[in-house]
Amino acid sequence: MAEFLSIVADSGNLVLLGTFYTLLYAVLGMLFGLPLGMLVTFIRHEHVPVLAGLAHIYVSFMRSTPQLIQAFLVYFGLGAAGIDLPLIVIGTLVLTANASAYLSETMRGAMEGVSTGQWSAGYSLGLTRFQTICNIIAPQALRLAIPGISNTLISLFKDTSVLSVITVAELMKYTGDIISVTFRPFTFYLIAAFIYWGLCLLYEYGIHRRVEARFKKAYQPAF
């Protein structure tokens with residue numbers, strides 16, 4: 001038992017470092033993925049010529065292919081093109097590309113959930129279509145999209161593990177390094193599993209529910 005605790009303690013710094021990078025990549029993926037997803041939603045919703053078709057293909061491809069393949073395509077595609085980027089940038093690109101596709105669908109559904117009367121209200125105030133979207137439709141759609149956005153962020157916590165296959169440093173990469181030295185796969189995979197679970201629970205109960213409750217309190221329907 002003492003030996004076991006010693007091994008776990010000695011590996012603690014790497015586990016903590018891996019957890020930090022997992023959090024970092026998940027946050028970066030959401031930070032860049034959400035605005036990109038909203039842009040894709042706007043392009044598709046407004047049927048922008050050419051771009052709307054390309055956006056539809058992009059969303060369909062990203063949602064229909066394994067993220068593992070997407071990671072390989074980005075990693076080896078950039079290498080084949082002679083583009084040398086830091087691994088942190090490559091990892092962020094992989095997560096951003098995937099998350100934005102799912103977030104665009106979340107936002108599209110949320111926008112369709114806003115009643116048509118809200119559009120009419122915007123036009124009656126003399127707002128343009130773009131102003132109506134920005135000032136009336138988007139805020140209400142964001143409230144409706146909170147559960148879907150939270151699900152995407154929780155998925156990002158887990159999806160960071162895919163980055164280990166392209167040697168990006170995060171929790172699974174460091175867990176694999178520890179196992180190669182300690183030869184205790186079950187122990188450290190179990191530790192990693194509990195860390196992922198803990199991150200998801202921390203976000204759900206520490207952030208998501210508070211944000212959702214605040215939006216519900218702030219939203220006062222007129223009828």
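**Entry 1: the whole chain**

A helix here is a DSSP run of H or I at least four residues long, and a strand is a run of E at least two long. I started with that, then noted that this is a predicted model. I counted the elements next. The secondary structure comes to 9 helices and 0 strands. Along the sequence I read the pattern α-α-α-α-α-α-α-α-α.

I looked up the dimensions. Taken along the principal axes, the C-alpha atoms fill a box of roughly 75 × 45 × 25 Å. I then checked burial. Of the 223 residues in the protein, 37% are buried. Residues 24 or more positions apart account for 75% of them.

**Entry 2: helix α3**

I turned to α3, residues 51-64. How far apart should the ends of its 14 residues be? At 1.5 Å a residue, the helix should span 20 Å. I found its end C-alpha atoms 20 Å apart, so the two values agree.

Which residues of α3 are buried? I listed Ala52, Ala55, Val59 and Met62. They cover an arc of only 100 degrees around the axis, so they sit on the same side of α3. On the other side I found Leu54, Ile57 and Ser64, which are exposed. I asked what the buried residues of α3 pack against. The partners are α2 (12-45), α4 (67-80) and α5 (87-113).

**Entry 3: α2 against α7**

Two packed helices are described by the angle between their axes and the distance between the axes. I looked up both values for α2 and α7, the latter being residues 129-159. They pack at an angle of about 140 degrees. Their axes are 10 Å apart. The crossing of α2 and α7 is right-handed.

I noted who makes the contact. From α2 come Thr22, Leu23, Ala26, Gly29, Met30, Leu34, Phe42 and His45. From α7 come Arg129, Phe130, Ile133, Ile149, Thr152, Leu153, Leu156 and Phe157.

**Entry 4: Thr22**

Thr22 has its place in helix α2. Is Thr22 buried or exposed? Its relative accessible area is 0%, and the cut-off for buried is under 20%, so Thr22 is buried.

I checked its neighbours, leaving out residues up to four places away in sequence. Thr22 touches Phe157, Thr160, Glu170, Leu171, Tyr196 and Leu199. With Leu171 I found a polar pair as well. A polar atom of the Thr22 side chain lies 3.2 Å from the backbone nitrogen of Leu171.

**Entry 5: Cys200**

Next I went to Cys200, in helix α9 (residues 185-218). Its relative accessible area is 12%, so Cys200 counts as buried. Leaving out residues up to four places away in sequence, Cys200 touches Ile154 and Phe157. Phe157 is also on the list for Thr22.

I looked up one separation. Cys200 and Ser150 are 50 residues apart in sequence. In space they are 9.8 Å apart, C-alpha to C-alpha.

**Entry 6: two positive phi values**

I looked for positive phi in residues other than glycine. His47 has a phi near 50 degrees. I found His47 in the loop between α2 and α3. His47 counts as exposed, at 63% relative accessibility.

Phe183 has a phi near 60 degrees. The loop that holds Phe183 runs between α8 (171-182) and α9. Is Phe183 buried or exposed? Its relative accessibility is 68%, and over 50% is exposed, so Phe183 counts as exposed.

Technical notes: Residues numbered from 1 in each chain as written. Predicted model: local features only at pLDDT ≥ 70, side-chain atom pairs only at ≥ 80, totals over all residues. Heavy atoms only, no water. Expected span 1.5 Å × (residues − 1). Buried < 20%, exposed > 50% of the residue type's maximum accessible area, 1.4 Å probe, protein only. Arc of directions from axis to C-beta. Contact = heavy atoms within 4.5 Å. Polar contact = N/O pair within 3.5 Å; in protein donor to acceptor, adjacent residues only side chain to side chain. Axes fitted to C-alpha atoms, helices over the stretch in contact; angles between N-to-C directions. Left-handed = near helix turned anticlockwise from the far one by under 90°.
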